[in-house]
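Hi,

Here is the structure I promised to pass along.

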Amino acid sequence: MSNRWQVRPIIEKGHAIGGAAGCHTQCNIYCLATGLADDNATDMAFPDDFLFGAATAAYQVEDGKGESVWDYVVHNFPERVEDGTTADVTCDSYHKYKEDVAMLKELGVNFYRFSIAWTRIMPNGTADYINEAGVSYYRNLIKELKDNGIESMITLYHWDLPQQLADIGGWLEDSMIDIYAEYARTCFQLFGDDVKFWTTFNEIKEFCQLGYGEGGLPPLHYEPGIGEYKCTRVVLKAHAKAYRIYDEEFRATQNGMIGAIFDTHWFEPRTNSSEDVAAAEQGRQFSFGWFANPIVNGDYPEIMKTRIADRSAKEGFNQSRLPEFTEDEIGVHQRYLRLYRSQHCIEEPEIGDPSYSKDMAVSQYQSPDWEGSSISWLKVVPWGIRGLLNWVRETYNDPYVIVTENGYADDGVLDDDMRIHYYQSYISNVRLAMDDGVKVLAYTAWSLMDNYEWLNGYTKKFGLYNVDFNDPNRTWTPKKSMEYYKKVIATHCVIDNCTR
Ligand code: BGC
């Protein structure tokens, strides 16, 4: 059974999976049984100008800089990290960047997505003091990439807020908008001549919802149903300001692209009943529309505004917990996305304590038939990425899209057949989405190498390269998946021979 034909009619009917759910399930079981799943692989080649890359983030691979919220938390609350470790050295990319570039070169990527550690450029978070050593480090990295024919895709903010800014309220404070904009301007000035792709923020939902709502991630601010909305408003305005600065002051000479990164899991209706279909759409709007809608259409999704205002009034608030902004505060920008998982949906929670998940009111589950990984939230559901890409095209007026992260977690084995299967089936579904008409420009594997997986420490591995964290030299070894991805990049094809 070809996955292509299982999935296509579903998309054309507009998201409902209906009776086809069984086919997906069977396919996933089959894939698991056979390891490498040719049935999930398309024979369509990618266009010649399609770009493949690999990604990391500063905090997960570098060391030595001013203190960020992550440094503060992992040093002061080691019990929050699965193995009690820190990222003080991690992959030692600060000293070994030439070796990182050698890996990228061996892999044959067109671009490398990495982030700038804000505290390496501005140790206290503001432009009052610029750390020249940090500037040199990123200049050297960008030059090394350029000399090897690899474009830089830079994330300005991958969660490592300078602790000194967290101390004055972090992303809850309007003052952050100008402070961040100045940081962004400084980076455009310092590095922009050699940078083709900029992303302002990595996965706003993750650090706003988990960092300022539920409080499980740094800076551990617990204010459910309130903090995440305050944070998002400030971050979206900071994004808009940085975007405009690039547009007005740098784009003409530097000629790059700039956007924000949103993450979501794919919400698939459990059945094709109108209630389930509506619930899935509600889930998408609450997790992706929350960010995409203000940027594309100038405001939060109507369903969020109505539901949160209504629940806030019933909870006794005198205004909505979702703070408003005016339409001219946010414009239309390029956007990128990342996807790891799919979920199903539906119900109306009782009024009580405020919470984002009650505001969303979509019950979710992951099918037990979906293949797992070493991380509970990460399931192998490749058709989800095709569903999401098509939904983005239909909902946001056919934008250009870059998949900025996609990857599989295990315990670090070198013979990582499951990772190969993951990449083959997900990259296939990206290609199928392009055949559906989605304008995907590039795909990025997460991650180039094993690294510090946030609160999972070094217990979960995403790398195409294995890193020996017990060796002071941090020696690295290519995994089997590295050879596979290398071939995909070289041939633009996920199987041995593609049709062109
Ligand atoms: C983040 C990465 C992280 C990956 C796997 C994304 O949320 O951007 O930094 O390592 O997912 O958890």
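**Disulfides and cores**

Cys208 is buried, with a relative accessible area of 0%; buried here means under 20% relative accessible area, with exposed being over 50% and partly exposed in between (1.4 Å probe, protein chains only). Before going on, a word on the basis: this is a predicted model, where local features need pLDDT of at least 70 and side-chain atom pairs count only at pLDDT 80 or more, while totals for chains, interfaces and linings use all residues. Residues are numbered from 1 along each chain as its sequence is written, and side-chain values use heavy atoms, with hydrogens and water left out.

Back to the cysteines. There are two disulfides in the structure, a disulfide being a pair of cysteine sulfur atoms within 2.5 Å. Cys208 is bonded to Cys231, with the sulfur atoms 2.1 Å apart. Cys208 sits in helix 10 (residues 204-213) and Cys231 in helix 11, so the bond ties together parts that are 23 residues apart in sequence. Helices are DSSP runs (H or I, at least four residues), numbered from the N terminus. Cys231 is buried too, at 0% relative accessibility. The torsion about this S-S bond is about -70 degrees, so the Cys208 and Cys231 disulfide is left-handed.

The other pair is Cys493 and Cys498, again with sulfur atoms 2.1 Å apart. That link is right-handed, with 90 degrees about the S-S bond. Cys493 has a relative accessible area of 3% and is buried; Cys498 comes in at 19% and also counts as buried. Number the bonded cysteines in sequence order and the pairing reads 1-2, 3-4.

Now for the packing. A nonpolar core is a set of buried Ala, Val, Leu, Ile, Met, Phe, Trp, Tyr and Cys residues joined through side-chain atoms within 4.5 Å. The largest one has 142 residues, and Trp118, Trp171 and Tyr180 have the most contacts inside it. Helix 11 (residues 227-254) gives the largest share of this core, 11 residues.

What does Trp118 touch, leaving aside neighbours within four places in sequence? Its partners are Gly125, Tyr157, Asp160, Leu161, Pro162, Leu165, Trp171, Met176, Ile179, Tyr180 and Tyr183, where contact means heavy atoms within 4.5 Å.

Cheers

Definitions and conventions:
Helix = DSSP H or I, 4+ residues; strand = E, 2+ residues; numbered from the N terminus.
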